[in-house]
Each structure stands twice: as structure tokens, then as C-alpha cells.
Amino acid sequence: MKDLIASLVRRYYKKGVLIDTNILLLLLVGSVNQERITKFNRTQQFIPEDYELLIEFIARFQKLVTTPNILTEVNSLANQLGEPERSHCFAIFAQFVKNVALLDEHYVKSLDTVNTDKFVKFGLTDSGILTLSKGKYLVLTDDFKLANYLHSVEVDVINFNNIRIFNWK
């Protein structure tokens, strides 16, 4: 598995990695307060070391790719944080979005997304990930169902849990 992950990183380091909602939320919450990761209901499946591992992993790519739908989900979930972490998270979120040198945001038309075969199963955000990423970007997610489906339709994907298990560096 480590060899496969390394191969995918080499293949996509210039093209970019599309980061799914939960992983992007881990990045933001960890940037505010790593101790909050295990206490926030939306990131409690992670530990502070996962944040460090994520930072090391995404540093290997020239671009982080996202969609407005992913950013909207992250915004809504981060809004559940209590103060002052909520405000700190939004400040970091704003800086993250403004950093155009690193962040590559792509709009996927909702009409295109709802016309995918699996829209009913996956919804707007995940169907948008499928529509955008095929043949273009590596997808990083912790969603087992999404990762398996993407793999089955030949979209390059890494389940973040595999990076965690193998402590890939």
C-alpha cells in the first residue's frame, strides 16, 4: 500500500489533490487547536497526530483542489464550533481560500452533478468530486463508500485512513 500511495503522490504532485470535506475540516480545526480535534463531533474520529500527518501529506502537492460545495460544507460544519475557536477557524478558512497560489477552486455545475449515475447515492458534493476529478486529480477522502466507488470507476483515490494505518511519510 505504501508503494501505491507513493506512486499516486508522484503522479499527481503537479496536478493536485482534491481534499474531501472531512479532511479539509481536520486541516482547519487542527490549525486552530489540535487538542480540539478529538473533542469536536465532526473531527473526533481523528487525533492530533492525524493533523500532523495530513500537513506532511498535502505538502507534497503543488495544488490543493476544491469545489464551492466542499467549501460550503466545511463552512457549515466549522460553524458548529464554539467560540473563540469558531471565529479563529473562519479567519484561517478565509486565509486558506485567499491563498490562490495553493488553492485551486473549480465550479462544477449542479446540473452536471445531478445527472451522474450515482447522484442519488452520493449527493451533490461527492458527485461533484467524481465529475471533477476523473482523470485530473487525486482524491483524498476518509469516506470509505466514496473511496471504494471512485476506485471502481478508475478515479485515483487515497483513503486517508490508509495513510493513518501505514503511517505513510
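Leucine 140 touches Val17, Leu18, Ile19, Asp20, Ile23, Leu54, Phe57, Ile158, Phe160 and Ile163, when residues up to four places away in sequence are not counted; contact here means heavy atoms within 4.5 Å. The structure is a predicted model, in which local features need pLDDT of at least 70 and side-chain atom pairs count only at pLDDT 80 or more, while totals for chains, interfaces and linings use all residues. Residues are numbered from 1 along each chain as its sequence is written, and side-chain values use heavy atoms, with hydrogens and water left out.

**The chain as a whole**

- The protein chain has nine helices and five strands, where helices (H or I, at least four residues) and strands (E, at least two) are DSSP runs numbered from the N terminus.
- Read from the N terminus on, the elements follow the order α-β-α-α-β-α-α-β-α-α-β-α-β-α.
- Of the 169 residues in the protein chain, 47% are buried; buried means under 20% relative accessible area, exposed means over 50%, and partly exposed lies in between (1.4 Å probe, protein chains only).
- Among contacts in the protein chain with a separation of 6 or more, 65% are between residues 24 or more positions apart.

**The largest nonpolar core**

- The largest nonpolar core has 54 residues, and Phe57 and Leu140 touch the most other members.
- Helix H2 (residues 21-32) supplies the largest share of this core, seven residues.
- A nonpolar core is a set of buried Ala, Val, Leu, Ile, Met, Phe, Trp, Tyr and Cys residues joined through side-chain atoms within 4.5 Å.
- In soluble globular proteins, nonpolar side chains tend to be buried together.

**Helix H2 against helix H3**

- H2 and helix H3 (residues 48-58) pack at an angle of about 110 degrees with their axes 10 Å apart; axes are lines fitted to C-alpha atoms, for helices over the stretch in contact, and angles run from 0 to 180 degrees between N-to-C directions.
- The two helices, H2 and H3, are therefore roughly perpendicular to each other, because angles of 65 to 115 degrees count as roughly perpendicular, those under 35 as roughly parallel, those over 145 as roughly antiparallel and the rest as oblique.
- H2 passes H3 in a left-handed crossing, a term for a near helix turned anticlockwise from the far one by less than a right angle, whereas clockwise is right-handed.
- On the H2 side the contact is made by Ile23, Leu26, Leu27, Gly30 and Ser31, and on the H3 side by Asp50, Tyr51, Leu54, Ile55 and Ile58.
- The residues of this contact of H2 with H3 divide into seven nonpolar, two polar and one charged, with Ala, Val, Leu, Ile, Met, Phe, Trp, Tyr, Cys and Pro counted as nonpolar, Asp, Glu, Lys and Arg as charged, and the others, Gly among them, as polar.

**Helix H5 and its two partners**

- The axes of helix H4 (residues 68-78) and helix H5 (residues 85-98) come within 10 Å and cross at roughly 165 degrees, which means that H4 is roughly antiparallel to H5.
- H4 and H5 cross in a right-handed way, and Leu71, Val74, Asn75 and Ala78 in H4 meet Arg86, Cys89, Phe90, Phe93 and Val97 in H5.
- H2 and H5 pack at an angle of about 120 degrees with their axes 9 Å apart, and this makes H2 oblique to H5.
- The crossing of H2 and H5 is right-handed, and its contact joins Leu24, Leu27, Leu28, Ser31 and Val32 of H2 to Glu85, His88, Cys89, Ile92, Phe93 and Phe96 of H5.
- The residues of the contact of H2 with H5 divide into eight nonpolar, two polar and one charged.

**Individual residues**

- Valine 32, which has its place in helix H2, is partly exposed, with a relative accessible area of 24%.
- The C-alpha atoms of valine 32 and histidine 88 are separated by 6.3 Å, although these residues are 56 residues apart along the chain.
- Asparagine 69 lies in helix H4 and, leaving aside neighbours within four places in sequence, is in contact with Leu124 and Thr125.
- A cis peptide bond, with omega of about 5 degrees, joins glutamate 83 and proline 84, and proline 84 lies in the loop between H4 and H5.
- Glutamate 154 has a positive phi of about 65 degrees although it is not a glycine; this residue is found in the loop between helix H8 (144-152) and strand E5 (157-159), and at 69% relative accessibility glutamate 154 counts as exposed.
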